[in-house]
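Here is my note on the model, point by point. Please read it with the structure open.

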Amino acid sequence: MDSPANGSPAESDAGIASSPMVAVSLRAFGVRVAGRELLRDVTLEIPTGKITVLVGPSGAGKSILLRVLGGLVDLDDPAICQSGEIVMTPQPSDDPKPAQSGLSGEETPPPRSSPPRVGIVFQNFALFDQWSPLDNVRLAVDHRADRSQPPEQSAAGWLEELGVPAQTAVGVLSGGQKQRLAIARTLAADPAVILYDEPTSGLDSASGKRVAELIRRTQRAHRRTAIIVTHDYTTLLGIADQVLLLDPETKSLTAVAPERWPLLAESIHPLPQPRELASPAAAGVLARVEAGFTRLGRAVARGSLPEGMPRRDVRPAWVSRFFTHYLRAVCGPSAIVYLAVAGALLGFTATYFTIQFLPYRIYTKPLLLEDLLGAIGFALYRILVPVLATILVAARCGAAVAADVGVKRYGSQLEALRTLGISPAVYVMLPILLAFVLGTPLLTAIAFQVARGVSVFCFSGMHPELGPYFWHPHFHHAIGGQGLGIFDGWFAVGWLDTGWRWVLLKTVLCGAGIGLISYYRGSRPQRSASDVSNSITATVLWATLFVLIVHFAISLVEFRNPV
């Protein structure tokens, strides 16, 4: 891991945060996960402005406790039950004992302002690789805990302090640079408490020591209360002010005396293989569907932020950046080419095979050619292109967006947004929905224009004596739009034309459904790359099924009087 730039403000007190330090207290606190008790009746104080290292055997629940402390656990989640209180007490220099503000529980009086911000440095960094390091930190600065006060320093200043290049693509940064960028982004959000999730995981001994030294310098410079969850306690004991041991046998979280730190290995025993937990699949299908919709409704109603987590004002500039990102994913150049090829195939097959293989065409073609062209135009405009285009949007674009959201869920980027007080429903789901609502009709229109162009080309090749001037009025007879502009027969059709409205209704509904399905499937818990792959497959399946149902349901009403 690379070391931070020399001359960092971390070596002086010039960078001390303006926010008050916060003391963290657990009061009669307990946690149960899927019926398994992790903690029972824990009461303790975590030192203010100090580094606390939390250790325990693998599987004891350290990461779950970190998520609980970080406010990332939904209090409505039936799998995780909490009891007691987590109390955060601001400690400004001019008032050492202010009124307390609780993250949970009902006995603590509500604070006058939002609860203290808790920042998390995730084990996998949770960086947005579609943006530069500078933009990653700008996101945090623009959503800092108290925007009524000027930021501690600019995004560029944070990167300079932590030694991270500002414009290098995040994907090509070294592991050490990503670690420092994650710390810079967390600090830029002005949290009162910083949680580190396995900061030395996967690092060799030398790199682990450099990470530990970086954490120590950062904490000294910015005076945040820091809690480090780790299994690599030998590397991090040197910077610890307190060590807490999570004991799965006694369900306790206790402070370890400094003289016993060298003997921690004797206190940490591997856990036995846990008993098999009841599978959610054992519940009835209707009960699981009802529970899923209940959780979805509550999440949307709260803006997808857990109870107790402060909500920030929406920043339209950042929402628009997410929208631009997903608009490119939905109707970027590859999607346009994809739908154009499909439109060309439809235009050729509908025109060539209908006319070429007409029964007794030598006798009937002169009489039926005009009606055939009208039928071809009607079928392409009202049925074939909308159905095929929306199916392809569901398959190609739905899969692309589900993969993007799934990777963000798997890589903890969605959780990183929540630690900044950002609602994923507003910053991710809404841009996805808008991108599909706008992109699906646009891609369908492009497919139709290509199908129409191939149709006239094919017809002119089959009947050069008639040419496009014969094709044009008859092709558009049943759909309107007699001009020669690129959008004639689509957006240029009269506003009172029912066909135009039906096509727009189908494509907008399909786009909205595809967007919601893509977000919902991608944002579900992703514990492995296989889960991400499964979410993509499920998105294609359910989005395609939804599109077919929409077309079938609307067709029952649309074609009662088809002309």
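1. Two strands count as paired if DSSP finds at least two bridges between them. The model is predicted. Strand S1 (residues 21-33) and strand S2 (residues 36-46) run antiparallel and are joined by seven bridges. Ser 25 stands opposite Glu 45 in S2. The hairpin has two residues between the strands. In this hairpin, Ala 34 takes a positive phi near 50°.

2. Two other backbone positions deserve a look. Asp 190 has phi near 60°, a positive value in a residue other than glycine. Asp 190 sits in the loop between H4 and strand S7 (193-197). Is Asp 190 buried or exposed? Its relative accessible area is 14%. The cut-off for buried is under 20%, so Asp 190 is buried.

3. Glu 198 is the next case. Its phi is positive, about 50°, although Glu 198 is not a glycine. The residue lies in the loop between S7 and helix H5 (205-222). Glu 198 has 10% relative accessibility and therefore counts as buried.

4. Now helix H2 (residues 133-142). How many of its 10 residues are buried? Eight are, so H2 is largely enclosed by the rest of the structure. The buried residues are Pro 133, Leu 134, Asp 135, Asn 136, Val 137, Leu 139, Ala 140 and Val 141. Check Asp 135 and Asn 136 in the viewer; both are on that buried list.

5. What covers the buried residues of H2? The cover includes helix H3 (155-162), helix H4 (175-188), helix H9 (316-331) and helix H12 (413-419). H4 also comes up in point 2, as one end of the loop that holds Asp 190.

6. Last, a helix pair. Helix H13 (residues 424-462) packs with helix H14 (residues 467-475) at an angle of about 135°, and their axes are 9 Å apart. Because of that angle, H13 is oblique to H14. The crossing of H13 and H14 is right-handed.

7. Which residues make this contact? H13 supplies Phe 448, Arg 452, Ser 455, Val 456, Phe 459 and Ser 460. H14 supplies Gly 467, Pro 468, Phe 470, Trp 471 and Phe 475. By class, the contact of H13 with H14 has seven nonpolar residues, three polar and one charged.

Key. Residues numbered from 1 in each chain as written. Predicted model: local features only at pLDDT ≥ 70, side-chain atom pairs only at ≥ 80, totals over all residues. Heavy atoms only, no water. Axes fitted to C-alpha atoms, helices over the stretch in contact; angles between N-to-C directions. Helix = DSSP H or I, 4+ residues; strand = E, 2+ residues; numbered from the N terminus. Parallel < 35°, antiparallel > 145°, perpendicular 65-115°, else oblique. Left-handed = near helix turned anticlockwise from the far one by under 90°. Contact = heavy atoms within 4.5 Å. Nonpolar A, V, L, I, M, F, W, Y, C, P; charged D, E, K, R; others polar. Buried < 20%, exposed > 50% of the residue type's maximum accessible area, 1.4 Å probe, protein only.
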